[in-house]
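This report goes through one protein model part by part. Keep the sequence and the picture at hand while reading.

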Amino acid sequence: MSHTIAIFPGSFDPFTRGHEALVRDAQKIFDKIVIGIGNNIAKPGLLSVEARKQLIEDLYASNPNVEVKIYTGLTGDFAHKEGACAIIRGVRNTTDFEYERTMEATNHRLHPDIITVMLFTPAPVADISSSTVREILAFGRPVDEFIPEGIDIKKYL
């Protein structure tokens with residue numbers, strides 16, 4: 001029996017309930033999900049990449065089918081290195097779709113053996129974006145309803 005691996009790349013700054021829903025859906029299709037945190041040193045975030053990794057590892061501590069890794073470079077190269085057959089991308093709206101379609105075309109040219117699987121973010125959490133969560137936090141407001149249950153974002157700041 002072959003084990004299928006998919007990567008779910010992103011900045012995850014911070015990881016939201018929308019991301020969590022996409023991982024849950026992806027697990028219905030793939031045996032293993034590698035959450036790849038892109039480390040763009042030119043784009044400092046709210047949380048350090050190490051804090052993002054820790055937050056996601058804490059969330060999936062009891063799930064051996066979810067792994068978290070930090071990577072630099074091209075996503076397709078990372079997927080290839082991980083032995084993935086697919087790249088998971090979340091789509092909330094038409095803007096996301098257009099962006100993701102362009103990325104898929106590029107990834108397909110570079111790594112035709114790796115497919116992109118676009119998953120629609122479920123309606124109850126489709127309006128949540130990491131940038132919105134960062135903005136709410138910047139104004140000192142609570143973000144519990146936007147991030148996975150049981151995660152205290154202050155612990156990772």
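Strand β2 is mostly covered, since five of its seven residues are buried. The model is a predicted one.

**The sheet**

Strand β2 spans residues 32-38 and runs parallel to β1, residues 5-10, with six bridges joining the two. Two positions show how these strands line up. Ile7 has Val34 of β2 as its bridge partner, and Phe8 stands opposite Ile35 in β2. Strands of a sheet pair through backbone hydrogen bonds, and the pairing is either parallel or antiparallel.

What is the order of the strands in the sheet? The order is β3-β2-β1-β4-β5, in an open sheet of five strands with parallel pairing. The edge strands are β3 (66-71) and β5, each of which pairs on one side only. From one strand to the next, the twist averages 30°.

Helix α1 (residues 17-26) packs on this sheet and touches β1, β2, β3, β4 and β5. The direction of α1 makes about 120° with that of β5.

**Helix α1**

Is α1 largely enclosed or largely open? Seven of its ten residues are buried, so α1 is largely enclosed by the rest of the structure. The buried residues are Gly18, His19, Glu20, Ala21, Leu22, Val23 and Ala26. At the start of α1, a side-chain oxygen of Thr16 comes to within 3.2 Å of the backbone nitrogen of Gly18.

**Helix α4**

Helix α4 covers residues 94-110, which makes 17 residues. From its first C-alpha to its last it reaches 25 Å, close to the 24 Å expected at 1.5 Å a residue. At the start of α4, a side-chain oxygen of Asn93 lies within 3.1 Å of the backbone nitrogen of Thr95.

Which residues of α4 are buried? They are Asp96, Glu100, Glu104 and Asn107. Seen down the axis of α4, the buried residues fall within an arc of 70°, so they line one face of the helix. An α-helix has 3.6 residues a turn, so residues three or four places apart point the same way.

The buried residues of α4 pack against α3 (75-81), β4 (86-91) and β5 (115-120). The face of α4 turned away from this buried side carries the exposed residues Thr94, Thr95, Glu98, Tyr99 and Arg109.

| Residue | Relative accessible area | State |
|---|---|---|
| Val143 | 2% | buried |
| Thr121 | 9% | buried |
| Ser129 | 11% | buried |
| Pro112 | 53% | exposed |

A residue counts as buried under 20% and as exposed over 50%. Val143 is therefore buried, at 2%, and Pro112 is exposed, at 53%.

Thr121 sits in the loop between β5 and α5. Leaving aside neighbours within four places in sequence, Thr121 is in contact with Gly18, Leu22, Gly90, Val91, Arg92 and Ala126. Among these, Gly18 and Leu22 are buried residues of α1.

Ser129 is also found in the loop between β5 and α5. Thr16 is the residue whose side-chain oxygen reaches toward the backbone nitrogen of Gly18 at the start of α1.

Val143 lies in the segment after α5 (130-138). With residues up to four places away in sequence left out, Val143 touches Val133, Ile136, Leu137 and Ile153. The C-alpha atoms of Val143 and Thr132 are 9.7 Å apart in space, and the two residues are eleven apart in sequence.

Pro112 is placed in the loop between α4 and β5. Pro112 and Leu137 are 25 residues apart along the chain, and their C-alpha atoms are separated by 40 Å.

Technical notes. Residues are numbered from 1 along each chain as its sequence is written. This is a predicted model: local features need pLDDT of at least 70, side-chain atom pairs count only at pLDDT 80 or more; totals for chains, interfaces and linings use all residues. Side-chain values use heavy atoms; hydrogens and water are left out. Helices (H or I, at least four residues) and strands (E, at least two) are DSSP runs, numbered from the N terminus. The expected span of a helix is 1.5 Å times one less than its number of residues. Buried means under 20% relative accessible area, exposed over 50%, partly exposed in between (1.4 Å probe, protein chains only). The arc is that of the directions from the helix axis to the C-beta atoms. Contact means heavy atoms within 4.5 Å. A polar contact is a pair of N or O atoms within 3.5 Å; within protein, one must be able to donate a hydrogen and the other to accept it, and residues adjacent in sequence count only if both atoms are side-chain atoms. Two strands pair if DSSP finds at least two bridges between them. Axes are lines fitted to C-alpha atoms, for helices over the stretch in contact, and angles run from 0 to 180 degrees between N-to-C directions.
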